[in-house]
Amino acid sequence: MPLPDSEKNEKLFQDTVDQDIRIEPKDWMPDAYRKTLIRQISQHAHSEIVGMLPEANWITRAPTLRRKATLIAKVQDEAGHGLYLYSAAETLGISREEMVDQLLSGKAKYSSIFNYPTLTWADMGAIGWLVDGAAIMNQVPLCRASYGPYARAMVRICKEESFHQRQGFEILLVLSKGSEAQRRMCQDAIDRWWWPSVMMFGPNDEASPHTAQSMKWKIKRFSNDELRQRFIDVCMEQVKLLGMHLPDPDLKWNKERQHYDFGEIDWEEFRNVINGNGPCNKERLAARVRAHEDGAWVREAALAHAEKRRRCYA
Amino acid sequence: MPEQQWPLWEVFIRSKQGLDHKHAGSIHAADAAMAMENARDVYTRRMEGVSIWVVESRYIHASNPDESSSLYDPANDKIYRHPTFYDLPDELKHM
């Protein structure tokens with residue numbers, strides 16, 4: 001059989017994407033598309049898994065049983081989201097083991113937001129509102145991503161994220177109506193989480209060289225700056241309900257643009273945290289490595305047990 | 001020696017009585033019982049299902065997209081399999 005013409009394949013692939021027909025695991029796809037997806041999906045999965053750590057920090061100290069139950073449910077969802085995404089990435093031919101290795105060896109990245117510490121209970125609120133809010137802004141368009149298994153995982157995730165964001169906002173709302181100390185705690189958490197959340201959308205468009213290709217492949221539907229602007233506009237309205245403010249003196253309505261103008265982002269800090277020098281990078285990775293190593297005997301024992309049962313009932 | 005991995009399983013969920021099981025995703029598990037538990041925890045945290053099937057992924061045989069034309073095209077020239085192919089008067093009722 002003659003080898004399929006790679007240009008013909010490429011054209012057929014792009015036509016399929018252009019018609020908004022999804023690409024499925026066994027379909028032909030360009031190598032770079034596969035690689036980009038593996039990188040993006042596994043990074044997202046790692047972020048969900050590492051993202052459990054800052055919140056787990058407050059489970060034992062949640063102020064009420066209701067808060068504890070809902071926080072546990074949220075952290076459990078994040079584990080679930082990580083698993084949906086790992087399994088979507090596996091359809092592209094990378095093994096789970098390889099992805100876990102990449103995370104634990106520090107080769108793979110995850111969202112740098114999780115390298116910030118959670119200092120007070122109000123951080124659970126600010127993370128839910130701002131961090132999950134930014135994540136939702138990023139993720140909703142991914143429900144229409146061109147790769148079928150990824151888009152389907154994102155549909156599930158987005159359905160569940162909205163509970164996270166509402167939970168966070170409610171935590172802040174209660175604090176905002178509390179004592180002077182609680183109100184201070186609420187504002188302090190917003191002050192610390194605002195800029196890292198704004199950075200979650202990634203570099204400015206002109207510093208984001210892969211955006212154009214990802215848009216052509218319909219892995220990405222909006223640019224970093226478009227999504228960031230949308231997030232800022234939404235938060236500026238929402239913060240009013242809390243009677244708090246966002247820590248950016250340059251935030252003001254621009255009538256001409258019909259958007260809020262905002263201040264300069266500290267990209268130096270962004271790069272620093274991405275490159276491993278954030279407040280908690282080492283701690284987060286160490287916690288993951290320890291969990292993986294401590295779980296090794298469980299994984300082994302489960303396999304041995306399964307094997308023994310197979311022999312007994314064969 | 002590299003650690004041996006838990007095999008991959010595909011998960012199918014019936015969302016309510018009367019509907020088919022539908023593919024939900026996959027999980028890793030050492031055996032069927034664990035696959036069932038993991039599928040429950042990962043894919044039905046919000047009453048998404050009333051019944052779960054798990055099957056080890058290596059037992060699934062999938063058609064190849066390159067063979068789509070030989071598998072599906074022949075049906076195109078057999079439109080007489082569809083009811084609209086037949087020319088019948090409008091007066092004909094209950095058919």
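A polar contact is a pair of N or O atoms within 3.5 Å, where within protein one atom must be able to donate a hydrogen and the other to accept it, and where residues adjacent in sequence count only if both atoms are side-chain atoms. By this rule, 11 residue pairs, both at pLDDT 80 or more, are in polar contact across the interface of chain B and chain A.

This is a predicted model, in which local features need pLDDT of at least 70 and side-chain atom pairs count only at pLDDT 80 or more, while totals for chains, interfaces and linings use all residues. Residues are numbered from 1 along each chain as its sequence is written, chains are lettered from A in the order in which they are written, and side-chain values use heavy atoms, with hydrogens and water left out.

**The interface**

With contact meaning heavy atoms within 4.5 Å, 21 residues of chain B touch 22 residues of chain A. The buried area, which is the accessible area (1.4 Å probe) that two parts lose on being put together, summed over both, is about 1900 Å² between chain B and chain A, and carbon and sulfur atoms give 50% of it. On the side of chain B, Glu3(B), Arg45(B) and Arg46(B) lose the most area to chain A, together 27% of what that side buries.

Between the two chains there are 4 salt bridges, a salt bridge being a side-chain nitrogen of Lys or Arg within 4 Å of a carboxyl oxygen of Asp or Glu. One salt bridge joins the side chains of Glu160(A) and Arg46(B), at 3.3 Å from N to O.

**Aromatic pairs**

Rings of Phe, Tyr and Trp (its six-membered ring) pair if their centres lie within 6.5 Å, and planes under 30 degrees apart count as stacked, over 60 as edge-to-face and the rest as tilted. Over all chains the count comes to 13 aromatic pairs, and two of them are set out here.

| Pair | Centre distance | Plane angle | Class |
|---|---|---|---|
| Trp58(A) and Trp121(A) | 6.5 Å | 65° | edge-to-face |
| Phe85(B) and Tyr86(B) | 5.0 Å | 85° | edge-to-face |

Accessibility is given as relative accessible area (1.4 Å probe, protein chains only), with buried under 20%, exposed over 50% and partly exposed in between. Trp58(A) and Trp121(A) are both buried, whereas Phe85(B) is partly exposed at 43% and Tyr86(B) is partly exposed at 47%. Elsewhere in chain A, ring pairs link Phe13(A), Trp28(A), Tyr33(A) and Trp217(A) into a cluster.
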